[in-house]
Amino acid sequence: MVKNQRVIFTGIAILVILSLAFYASQQINNSTLLFIGIWVIAIILIRLLLTPLVVWIVRARDAKKRAAS
């Protein structure tokens with residue numbers, strides 16, 4: 001159950017980040033640097049959210065493999 005909750009939370013957080021980045025990029029007036037900055041920050045935030053989730057999933061899978069061996 002905890003795994004599903006963590007995945008759901010991460011998915012919701014990513015959707016919120018993407019929504020905010022899209023909304024913010026629509027509100028700017030012809031500023032290419034600001035547009036790029038918004039999306040770079042969004043990508044960094046998404047990566048910061050996904051990295052621990054992937055590490056957690058891989059460690060859980062490795063633990064299952066060790067237990068089965």
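Trainee: Let me start with one side chain: is Ile-41 buried or exposed?
Mentor: Ile-41 counts as exposed, because its relative accessibility is 52% and the cut-off for exposed is over 50%. Keep in mind that this is a predicted model.

Trainee: Okay, and where does Ile-41 sit in the secondary structure?
Mentor: Ile-41 is in helix H2, which covers residues 32-68.

Trainee: Which residues form the nonpolar patch on the surface?
Mentor: The patch consists of Phe-35, Ile-36, Val-40, Ile-41, Ile-44, Leu-45 and Leu-48. Together these residues have about 640 Å² of accessible area.

Trainee: Let's zoom out. How many helices and strands does the chain have?
Mentor: The chain comes to 2 helices and 0 strands. Its radius of gyration is 17 Å, well over the 11 Å that the globule rule gives for 69 residues, so the chain is more spread out than a compact globule.

Trainee: What box do the C-alpha atoms fill?
Mentor: Taken along the principal axes, the box is roughly 60 × 20 × 10 Å.

Trainee: And what share of the residues is buried?
Mentor: Buried residues account for 16% of the 69 in the chain.

Trainee: Switching to charges now. How many salt bridges turn up in the whole structure?
Mentor: The search finds 1 salt bridge. Arg-61 forms a salt bridge with Asp-62, and their closest N and O atoms are 3.8 Å apart.

Trainee: What about Arg-6, which ring does its charged end sit over?
Mentor: That would be the ring of Trp-56. The charged end of Arg-6 is 4.8 Å from the ring centre.

Trainee: While we're on rings, how many aromatic pairs are there?
Mentor: The count is 0 aromatic pairs.

Trainee: One more residue, then. Where is Val-54, and is Val-54 buried or partly exposed?
Mentor: Val-54 lies in helix H2. Val-54 counts as partly exposed, because its relative accessibility is 46%.

Trainee: How far apart are Val-54 and Asn-4, in sequence and in space?
Mentor: In sequence, Val-54 and Asn-4 are 50 residues apart. In space, their C-alpha atoms are 13 Å apart.

Trainee: Great, thanks for the tour!

Notes: Residues are numbered from 1 along each chain as its sequence is written. This is a predicted model: local features need pLDDT of at least 70, side-chain atom pairs count only at pLDDT 80 or more; totals for chains, interfaces and linings use all residues. Side-chain values use heavy atoms; hydrogens and water are left out. Patches are made of residues with over 30% relative accessible area and no salt bridge: like charges are joined within 9 Å, nonpolar side chains (Val, Leu, Ile, Met, Phe, Trp, Tyr) within 5 Å. Accessible areas come from the Shrake-Rupley method with a 1.4 Å probe; for residues, only the protein chains shown count as cover. A salt bridge is a side-chain nitrogen of Lys or Arg within 4 Å of a carboxyl oxygen of Asp or Glu. Helices (H or I, at least four residues) and strands (E, at least two) are DSSP runs, numbered from the N terminus. Buried means under 20% relative accessible area, exposed over 50%, partly exposed in between (1.4 Å probe, protein chains only). Rings of Phe, Tyr and Trp (its six-membered ring) pair if their centres lie within 6.5 Å; planes under 30 degrees apart count as stacked, over 60 as edge-to-face and the rest as tilted. A charge sits over a ring if NZ of Lys or CZ of Arg is within 6 Å of the ring centre and within 35 degrees of the ring normal. The radius of gyration is taken over C-alpha atoms; the globule rule is 2.2 Å times the number of residues to the power 0.38.
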